[in-house]
Amino acid sequence: MRSPAERIRRTAEGVLRGIVIALLAGWLVWSIRARTHGAVEHVTSQELREALERWTTRQQPARVLVDLAHPPAGAERDWLAALSAAGTTVQWSGNALLPTAIDIEPRVDPEGGATVTVAAPESASVVLRDARGVIDSAAADAYGMRASIARPGRTIDAGVGPVVARAALRDSLTLKRLLVIGAPDWETKFTIAALEERGWDVDAHIRIAPRTLARQGRIESIDTARYAAVLAIDTTAARFSSAIERYVRSGGGLVLWSPAAPAFGRLAPGRAGALIESEVRIIRDRTPRVALDVMPVTALTDDAVALERRGDHVTLAARRVGPGKVLQNAYTNSWRWRMAGGDNAPDEHRAWLADLVANVAYAPRATIAAPPADPVPVAAIVDRLGPAVPAVMDRSALDPTRLAAWVFTILCMALIAELASRRLRGVR
Amino acid sequence: MTALQIVRRTRVTLALVVVTTAVLTGFAAGGGVIVLAGLLQLVVALPSLVPALLVPVATAAGLTGCAIVLWRNRTVVSVQHVALWLEERLPELRYALVTAIDPAIAPADRYPALHARVRASDTSSAVRTAWRRPITRSLTAALTVAALLAVLQPQELLGTGGTDLLRRVGNGENEVLANRLEGVIARVSPPAYARMDDSTVEDPVTVAALVGSRVTFQGRGPSSGVTAIVDSTSTEAGEAGRGWTIALQMDTAPAVVTLRDREYRRLVVLETVVDSVPAVRLRLPARDTTYQTVPRGRMTVEAEITDDIGLAHGWFEYMVSTGSAEVFETRTSQGRRIGLDNARTGTLREVIDLDTMRLAPGTVFHIRAVALDHNDVTGPGKGVSDTRTLRIAEPEDSTSINPTPPLPIDSMWMSQRRLNMMTDTLIRMAPQLDRQELTHRSSAYGNAQDEIRQRALAVISILEDDAVGGTFQTQTSTKLREAADLMYEARVNLAITMPDSAMPHMIRVLEILDEIRLANRYYLRGIIQPAAVNVARVRLTGEDPATEEPRRPRAELADERAALAERIAHAASIAREQPDAAVDSLVYIRVAALRLAPDVADALASAAALLRRGESVDTALDRARRALEPPPARIRGPVEWSGIGN
Amino acid sequence: MERNRKLSRFVFATAEYSSGDWESAPALPENLIDSVARYTSIDVAPSGVSVRLDSEELFDYPFVWLTGHLPVRFTEAERRNLKRYVERGGFMMVDDHNHDITGIFHQTATEEIERLFGRLEQVPNDHEIYRCFFVFENGPPHTNHELNGWGDDLLHLHLDAIFVNDRIGLLYSNKDYSSEWNFHPETKRTLQQDPTKFGVNLIVYALTR
């Protein structure tokens with residue numbers, strides 16, 4: 001008669017034998033399945049480099065799943081694509097990879113600079129950087145993030161989480177002259193002053209008396225060979241309206257102050273509304289133009305774009321006319337910003353006027369040698385490897401190497417335990 | 001050998017041992033001093049005096065050690081003492097040797113046994129035993145010191161002093177000077193007026209001091225060949241004890257001084273600290289005032305003054321202006337000078353007797369406070385307060401709102417001129433005119449003259465009766481009176497058909513009116529009533545000069561911060577290959593940055609220090625360049641267009 | 001609407017400062033306005049204004065005339081405004097109504113100006129301010145005061161200025177144009193030469209340079 005202890009022992013031995021058999025059977029089934037469906041290798045971004053070498057030289061997995069914590073370098077991305085072309089199914093996942101794109105455009109401005117545009121999901125944190133370090137950081141709004149940078153490096157990176165998109169300046173611009181036509185008043189004077197101080201070469205045409213002109217340069221012909229943009233401050237420019245229209249239609253830029261709009265009906269983005277005096281007297285650095293009077297742009301043409309508003313009134317509007325661009329500025333007496341504004345007012349007024357010009361100015365481009373860039377890293381992955389797949393489960397459980405180690409360990413322990421139990425019982 | 005010969009031989013041996021021991025001991029002593037200095041140098045920085053004194057001190061120690069040994073063993077020269085020394089070590093002699101060495105006492109032929117006993121004694125072994133120990137000890141000490149010297153290698157310690165010693169005592173040629181710009185110190189002596197203590201900056205990179213301070217650089221080594229260059233002015237170093245010295249004056253603008261010693265160079269920034277002018281605030285009177293009546297009595301004036309260094313004295317300035325129209329007179333006076341005892345704050349207070357100021361209606365009384373500091377370098381700094389203006393109103397000041405009739409003097413002048421021309425014509429035409437016509441016209445001209453006279457009298461009445469005040473109006477009215485009298489004469493002559501007699505008076509009237517019109521713009525004090533011009537009526541009725549003078553363009557504004565950033569970029573680009581040149585560049589750039597961007601100046605100083613230590617400065621310089629850039633301008637809104645900054 | 005009109009056209013402004021008789025040339029604004037309208041197409045306000053030197057309103061008038069006989073002692077607020085005004089592109093004409101370089105206006109006004117801007121520089125007589133509308137070959141025209149020996153009994157051959165970025169920001173005169181032009185504009189009709197022409201040049205320069 002067997003004692004209870006012996007019965008328990010025998011049961012335990014049986015269980016251990018059962019475990020061994022189950023493990024062996026399971027391993028057999030798993031191996032057959034893996035053969036049928038192909039071996040799936042799971043790697044992370046950290047392991048990718050080593051894995052690529054392995055897959056290329058020693059193994060050829062049927063399917064690989066790459067869990068990307070950050071976009072792979074261009075070479076690695078191409079490598080994966082080559083692997084895919086060689087017959088391995090390459091899939092990738094990356095929940096942290098937010099779609100990001102960056103573009104950089106040189107500004108038409110004697111002070112140089114560039115406009116950087118970053119596309120990123122709304123509220124995503126975007127960090128702009130160049131070789132000298134962080135330039136700016138902000139949360140993207142509904143339109144992404146855009147910034148005007150005074151002295152950009154050769155390349156600019158936009159970091160959104162782990163994704164870094166890189167753009168490089170590829171063009172240099174040839175700046176032409178500006179032509180300012182206006183009456184002898186403060187707006188004309190300070191507009192010319194600001195643009196010249198900014199570094200623009202300006203031709204001016206200011207009629208003081210019927211036969212007396214304050215002239216700088218000669219208006220022999222208004223064309224894109226000479227002028228980057230024309231600024232018409234008031235109806236003084238009306239006598240040149242035909243020439244200016246031809247100029248715009250051949251690619252030139254025109255900045256119209258609202259008082260001049262009636263003379264350029266075919267070009268202007270809209271009509272000049274009635275004068276609205278600002279209720280705010282003091283010009284503050286943060287919102288300087290709030291204190292300026294406006295003749296709003298009204299009755300916008302179908303193709304006009306409102307660039308700035310003050311309440312319901314459009315204060316800046318633009319449209320394309322053929323290859324040319326026209327911008328209408330509703331702010332009358334913007335010179336007051338320079339004279340009466342805060343500490344930075346002269347610089348900011350200058351920069352604002354330069355902005356108006358930069359938006360429309362014609363500037364021939366020349367391509368320059370640019371360093372490598374990666375402006376749309378996530379899209380590039382999709383383009384080469386297809387869309388992402390859902391992130392895999394805890395891969396450690398399915399890692400064949402680890403699995404084998406666990407199985408072997410448990411197998412051995414079970415066998416040893418079963419053997420030891422029998423031996424101790426005196427059974428062989 | 002006789003006993004005496006034996007003793008003499010022993011004496012020589014012992015003397016050699018003593019001398020050898022003395023030399024070895026002297027070496028050990030002198031070397032021991034150097035070893036001690038070498039050991040100390042490993043632990044602490046020795047003052048610059050130590051190397052200079054080391055060799056003489058070591059020499060002295062060595063000689064002293066040697067002398068001590070010789071002195072202690074001086075008896076070795078005495079035969080008797082040597083004999084006694086042998087007796088002490090060979091007791092079996094029983095004073096036979098001492099006796100035998102004196103032939104007068106124990107001649108050899110009379111005491112052969114004595115001498116034989118001496119000859120039989122083993123003096124050599126006694127001597128051998130004797131010299132081993134001292135020689136061994138002193139040799140051991142000497143070798144130990146020599147070994148320590150070989151390990152410590154205090155060449156540098158010896159070198160400086162040795163070189164100097166050599167220079168002083170022997171051949172100074174072919175010596176190699178160390179870098180005399182190492183271990184430089186700068187002593188700053190502020191100008192005397194500042195009454196500040198001198199200060200010292202060791203190993204200076206920047207020396208900040210008041211304008212006019214004396215900055216003295218001092219270093220080790222001879223002065224010949226050491227110079228300091230500021231801008232393009234070079235100053236040679238002078239001797240200062242065992243070192244060199246160069247004295248410079250702190251100028252009004254920051255500068256870089258280049259210290260040169262042969263191929264060695266060192267840059268030091270002289271950072272100017274400017275002595276500010278005193279800040280003066282007038283407390284009393286507290287504000288500008290207009291008095292309706294002439295104020296009398298006493299008035300207190302008070303001012304508060306502060307200065308960064310020290311105040312010298314202050315006073316009040318008074319200006320009393322009287323007059324009106326075109327003639328004014330101003331009397332300036334000062335209150336007493338009040339000493340401020342070099343304090344940094346002070347108060348001026350004075351009570352003025354207004355009666356002595358001779359104030360009157362129409363007077364304008366200006367008061368301000370002035371203070372000087374003690375700066376006798378760039379001139380005393382003069383601080384002034386705001387000026388208080390006290391006006392004493394004229395009776396009509398508050399009521400002279402009446403729009404001035406359009407300058408009656410002008411219209412009178414025009415009328416008189418026209419009348420003169422008509423009268424002149426009448427005189428020329430008189431022969432052709434009949435008497436009646438002549439009378440008629442002359443009478444009419446007389447009436448016209450009288451009408452002008454009435455206008456003149458009206459103006460005189462305004463000027464005199466309304467008490468506009470001021471001496472000149474009285475002059476105007478006096479002149480007008482003269483003109484009016486002449487008009488009367490002219491009018492009378494015209495009335496009696498004597499236009500040629502009237503003409504001289506009329507000419508003189510015109511001259512007087514012209515004088516008054518051109519030189520004497522009388523006006524009524526008070527609010528200007530802007531007169532409106534009928535712009536539409538006069539528009540373009542004048543000549544158009546048709547000028548073609550071209551407009552000169554404005555120059556682009558220099559972006560000094562961008563230029564500074566460019567210079568930093570250049571320094572960064574050469575930092576790896578030419579760190580010394582990069583450090584020099586950063587020093588010069590820092591001087592420029594002191595004015596433009598003080599925060600960047602500090603960053604550049606840190607970067608220069610990093611570079612001197614051989615560390616990377618890329619990050620530091622990138623940050624400095626970034627600080628000099630305008631911040632990025634965010635562009636909000638849709639991307640249909642290139643975008644407008646906010 | 002009134003304010004915008006004011007800002008859109010040229011308005012002759014006379015500077016009010018606290019220490020002196022700023023109002024001592026009351027007819028001058030009207031006279032120069034008349035001249036500007038007479039000779040040019042400049043949109044000019046028919047009346048001048050006076051504006052306090054220490055007020056924000058100063059910056060609404062980029063051309064301002066300052067004159068007087070009495071001491072010129074600016075307050076801190078006036079100094080601050082004046083410095084900003086000139087550095088930003090405003091044009092100030094300062095004219096010694098005493099025509100006397102030993103007189104108190106000249107001494108104190110130049111002291112104030114040099115304290116703010118540094119030394120006054122002489123304007124060369126071929127400067128464009130003498131040619132920008134009417135042409136004055138010999139530089140600044142003389143005034144009757146000078147010719148009559150008034151004041152310091154000197155003929156001042158030059159004007160002085162503070163230049164900002166190579167432009168005249170403050171023009172200083174010892175020639176007493178305040179007296180020369182302080183008359184009713186109707187008087188011009190009887191004058192052979194209109195002495196206010198140089199005033200037109202000043203305004204044209206300020207508006208176009």
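Which strand of chain C gives the most to the lining of the largest cavity? The model examined here is predicted; local features need pLDDT of at least 70, side-chain atom pairs count only at pLDDT 80 or more, and totals for chains, interfaces and linings use all residues. Residues are numbered from 1 along each chain as written, chains are lettered from A, and side-chain values use heavy atoms, without hydrogens or water.

The structure holds six cavities of 30 Å³ or more (sets of points on a 1 Å grid over the protein atoms alone where a 1.4 Å probe fits but cannot get out). The largest has about 90 Å³ of space, the volume filled by probe spheres set on the points. Its lining (residues with an atom within 4 Å of a point) includes Lys189(A), Arg554(B) and Phe91(C). Strand β7 (residues 167-173) of chain C gives the most, with three residues; strands are DSSP runs of E, at least two residues long. The lining comprises five nonpolar, three polar and four charged residues; Gly counts as polar, and Asp, Glu, Lys and Arg as charged.

In chain B, helix α3 (residues 79-89) packs on helix α6 (residues 123-152) at about 95 degrees, with axes 10 Å apart. Helices are DSSP runs of H or I, at least four residues; axes are lines fitted to C-alpha atoms over the stretch in contact, and angles run from 0 to 180 degrees between N-to-C directions. α3(B) is therefore roughly perpendicular to α6(B) (65 to 115 degrees). Trp85(B) of α3(B) and Val127(B) of α6(B) are among the contact residues (heavy atoms within 4.5 Å).

Definitions and conventions
On a 1 Å grid over the protein atoms alone, a cavity is a set of points where a 1.4 Å probe fits but cannot get out, and a pocket is an open set with protein on both sides within 12 Å along at least five of seven lines; lining residues have an atom within 4 Å of a point. Angles under 35 degrees count as roughly parallel, over 145 as roughly antiparallel, 65 to 115 as roughly perpendicular and the rest as oblique.
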